Amino acid sequence: MDTPVNKKKLSLKEKYSYLTRDLAWEPSYQKKEDLFPYATYEGIKVHDWEKWEDPFRLTMDAYWKYQAEKERKFYAIIDAFAQNNGHLKITDARYLSALKIFLQAISPGEYAAHKGFARAGREFPGVGPQVACQMQAIDEIRHAQTQIHAMSNYNKFYSGFHAFADQRDRIWYTSVARSFFDDAMSAGPFEFMIAIGFSFEYVLTNLLFVPFMSGAAYNGDMSTVTFGFSAQSDEARHMTLGLECIKFMLEQDPANVEIVQKWIDKWFWRGFRVLGLVSTMMDYMLPKRVMSWREAWDIYGEENGGALFNDLARYGIRPPKGWKDAGEAVDHMSHQFMLALYQWNFGTAFHSWIPSDEDMDWLSKKYPDTFDKYYRPRWEHIKKMDEAGTPFNNFGLAKLCQTCQLPTVFSEPGDPSSLCHRETEYKGETYQFCSDHCCDIFKEEPEKFIQAWLPMPALFQAPLNGDLEAWMEWACLENGSDNGDFKGSHDQVSFQKWREMTTSN
Amino acid sequence: MSTVFIAFQTNEETRPVIEAIELDNPSATVHQEPAMVKIDAPDELVIRRETIEDQIGREYDLQELQVNLITMSGHLTEDEDTFTLSWK
Amino acid sequence: MQIDLRTVSIEPVRKTFDHLARRFGDKPASRYQEGSYDIQAAENLHYRPTWDPDQELYDPNLSRIRMKDWYDLKDPRQFYYSTYTLARSRQQENMEANFAFVEARGLQDMLADELKETALSLLVPLRHAAWGANQNNTLVCGYGFGVVFTQPCMYHAMDNLGISQYLSRIGLLLGGTDALGKGKDIWINDPAWQSLRRYVEDSMVIRDPFEVFVLQNVVLDGLLYPIVYERLVDTYLASQGGQAVAMLTQFMTNWFTESKKWTTGVLKVAAAESPENAQVLADWINHWSDRAVSALLPIVNSVVDERVDELVSEELDAFRARIVKTGIPL
């Protein structure tokens, strides 16, 4: 007869533990620190990797099964979208500006996250976090690809999508997101987890995906809704990983708290600045709006972030340093940034426009304390100039923040009528910043941030020497088609023409 | 008190899940938004496998939730029978 | 409002993205091309890594292999996330059916004790080797250059994890959690397994991504999979009444056949790039295959008693013939 086999039913947790962390062993032919050389230099102390709690307990067979189900749904929808001229069902071609920014600035970030999580998935000395990071690495390349695939069809009919790969590296506003991800990837594995796993995924992606994707649904863009929500379904796993990772660091050693706090301060603000782009998408670029940037912030920033920082208080963590300033800036940032984008729209691979009266009424309703007082007058002025045949363009050099790479167009906290501008000297050079927080981030790591590639100054140096046309060619920007006002653009004209073809006989 | 939440895509697969959540969490509030359903609850929200199975009349694996999940907030604890979000 | 659209034919304004038109001509691109080519940042990288300031954030010079264009190293399977996941989900369904078939009929209990022990002590320790493979492929993905070369390594890493999980499940099914403990003990302490463990640990300190690709996917897997799964499990164990075991390792056999196309394709292109590349590859393959063979011999010996050297040398010859065909002068 057979040897009796011990086959008590394992719980989900036990089984997962056998199928992941039990795979590793203590090496004896090589030193552990040689297998995982980057695990300690950041100063995070880990005493027991076994204390790691797995966020989601997905084994590979279940992963393949559920992800395949998501993929089948996604591609069925975008195939149908392409076959049925789905692009003509969107509310209005203005909406496409938001998608162009997404493809140029955010999708490359998905790829960077893929690469960064592959590195983290190899560098952590515990199997629990390794496997969780690897799963995120493969998810992130999924997101980059589903986004490119969803927007591929728009590229066939509209301007501004065609050179996203070149513009990722060359055009000025994409370097806001690029520098964010480069900053995270050039950090060690623990800081990377705070940057992407925690700040970006847990605190900020809700703001990027959830209200914006609801907006896409509202504007008839089923292709974007599908990639957005499909990506978010992975994001729920990623958020859980981010939160687990931060708890793990805080519980492992009290000395970790100070380091983690510094990273939270830094990455909250870095992320908040990247969301500047998203705020304009929400408030200005959706022809039909779901909620304002302020309303989204209240739910997903203030309330959700607040709950989280309340919870982390037991470890001695306080809300990020920029938290209060961020809450105040939310009433201004989309307006200030959209005004900037409009006046530099000769240099953007998407269109912007002067908000209609109806748009402005919506904005004053959503921003009762700020829009009419500070921003409506500026838009009215720009509108007058436009009507007089002298459209407002600013060909001057914008000062870019050395840290976040946004133009320094934001106001002083507490004084919306003045421009906030900081500078500091390091090794005889002067560096410019948009805010105290960005300046502080620089001062913590000056050797890193002096390396930043600043796209605007590059325009004025050799070989371009301020030649705008040469710059456009280098940035793969088709002048007169990709850029400028929406009014009279190829996108506007074609969309109208095609829509008429399909709705009339 | 802090709010936990979970959001799903609006479709036929999530309808019984949301009904089950409402049954198990009387203090939860359900918000219908474009293409998505978001459920808020004070401090804790529990999803029970059994209640979902009662709704759909077949066996259900809680990991199936992930196919239509959009977002969530709170600490997650997960076993064969329950999927719990909480702030505590 | 639902707008009822008349179906009309609208002429597209352009056929594809600029970077794909430059590579492949002005025609509609495949989803593999869209999802793989040039999606990695290529210039104006902002900061150097704090973990090694001598490196660039994406650095082709981490390897001794040199390519004018790393995007030449395409995956003949053209796997991007979707095609990869769908392929694996079909295989996973098959494997689920195989496990269910074995379990429902209690086939695991019908195996002779000795055969069961042999299967367990061969397969369960290998789950640790598969985890090493997972680590190595994750490293190649993380530090390798060019998406078409690195993305399949991430898929491969997840496959390695999946394989280690199938091996663990075989252990659990045939011998419960005790079997996993015994397998780990063999992996760590059994003299017959130490050369293999040493191979894996030594491989994990190598930081040249292409060398790691070669020592893991080309050499170790290129010898281990045919020897263990084709010769020992599918042939030897099956002939002794262990067909049920072969059902439970079907994924590994099919997976190796499929992924050989990819690894061979990559070698061919890298070797054809320059004689220097071909020479580096030859040196790596000679060095690591010597080690792999001596690591596998005692393991084979613990399963079969006769013609061990012959079995291993046949597989080594087949392996070398395959490599030589790719243009690498062994």
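Biologist: How many residues of chain A are in contact with residues of chain B?

Modeller: In this model, which is predicted, 29 residues of chain A are in contact with 23 residues of chain B. They are said to be in contact because their C-beta atoms, placed from the backbone, lie within 7 Å. The elements of chain A that give two or more residues to this side are helix H1 (12-19), helix H3 (60-83), H8, helix H9 (222-252) and H11, and H9(A) gives the most, with eight residues. Here a helix is a DSSP run of H or I with at least four residues, a strand is a run of E with at least two, and both are numbered from the N terminus.

Biologist: What makes up the side of chain A that touches chain B, by class?

Modeller: That side has 14 nonpolar, eight polar and seven charged residues. Ala, Val, Leu, Ile, Met, Phe, Trp, Tyr, Cys and Pro count as nonpolar, Asp, Glu, Lys and Arg as charged, and the others, Gly among them, as polar.

Biologist: Before we go on, how are the residues numbered?

Modeller: Residues are numbered from 1 along each chain as its sequence is written, while chains are lettered from A and ligands numbered from 1 in the order in which they are written. Since the model is predicted, local features need pLDDT of at least 70 and side-chain atom pairs count only at pLDDT 80 or more, whereas totals for chains, interfaces and linings use all residues.

Biologist: Which chains share the most contacts?

Modeller: Of the two pairs of chains in contact, that is chains A and C. Their contact takes 72 residues from chain C and 77 residues from chain A, and H6(C) gives the most to the side of chain C that touches chain A, with 17 residues. By class, this side of chain C has 30 nonpolar, 22 polar and 20 charged residues.

Biologist: At what angle do helix H1 (residues 15-24) and helix H2 (residues 49-56) of chain B pack?

Modeller: They pack at an angle of about 130°, with their axes 9 Å apart.

Biologist: At what angle do helix H8 (residues 209-239) and helix H10 (residues 250-273) of chain C pack?

Modeller: The angle is about 155°, and the axes are 10 Å apart.

Biologist: What makes H8(C) roughly antiparallel to H10(C)?

Modeller: The angle of about 155° lies over the limit for that term, so H8(C) is roughly antiparallel to H10(C). Asn217(C), Val218(C), Asp221(C), Tyr225(C), Tyr229(C), Glu230(C) and Asp234(C) in H8(C) meet Met252(C), Thr253(C), Phe256(C), Thr263(C) and Leu267(C) in H10(C). By class, the residues in this contact are six nonpolar, three polar and three charged.

Biologist: Where does Lys427(A) lie, and why does Lys427(A) count as exposed?

Modeller: Lys427(A) lies in the loop between strand S3 (422-426) and strand S4 (429-433) of chain A. A residue is buried if 20 or more other C-beta atoms lie within 10 Å of its own, exposed if 12 or fewer, and partly exposed in between; Lys427(A) has 7 such neighbours, and so Lys427(A) is exposed. The C-alpha atoms of Lys427(A) and Ile450(A), 23 residues apart along the chain, are separated by 10.0 Å.

Biologist: What percentage of the residues in chain C do buried residues make up?

Modeller: They make up 50% of the 330 residues in chain C, a chain with 12 helices and zero strands.

Biologist: Which residues have the most contacts inside the largest nonpolar core?

Modeller: They are Ile194(A), Met154(C), Val214(C) and Leu296(C), in a core of 271 residues. H8(A) gives the most to this core, with 20 residues. The set is called a nonpolar core because its members are buried Ala, Val, Leu, Ile, Met, Phe, Trp, Tyr and Cys residues joined through C-beta atoms within 7 Å. Leu296(C) touches Leu196(C), Leu223(C), Leu224(C), Ile227(C) and Val312(C), not counting residues up to four places away in sequence.

Methods: Axes are lines fitted to C-alpha atoms, for helices over the stretch in contact, and angles run from 0 to 180 degrees between N-to-C directions. Angles under 35 degrees count as roughly parallel, over 145 as roughly antiparallel, 65 to 115 as roughly perpendicular and the rest as oblique.
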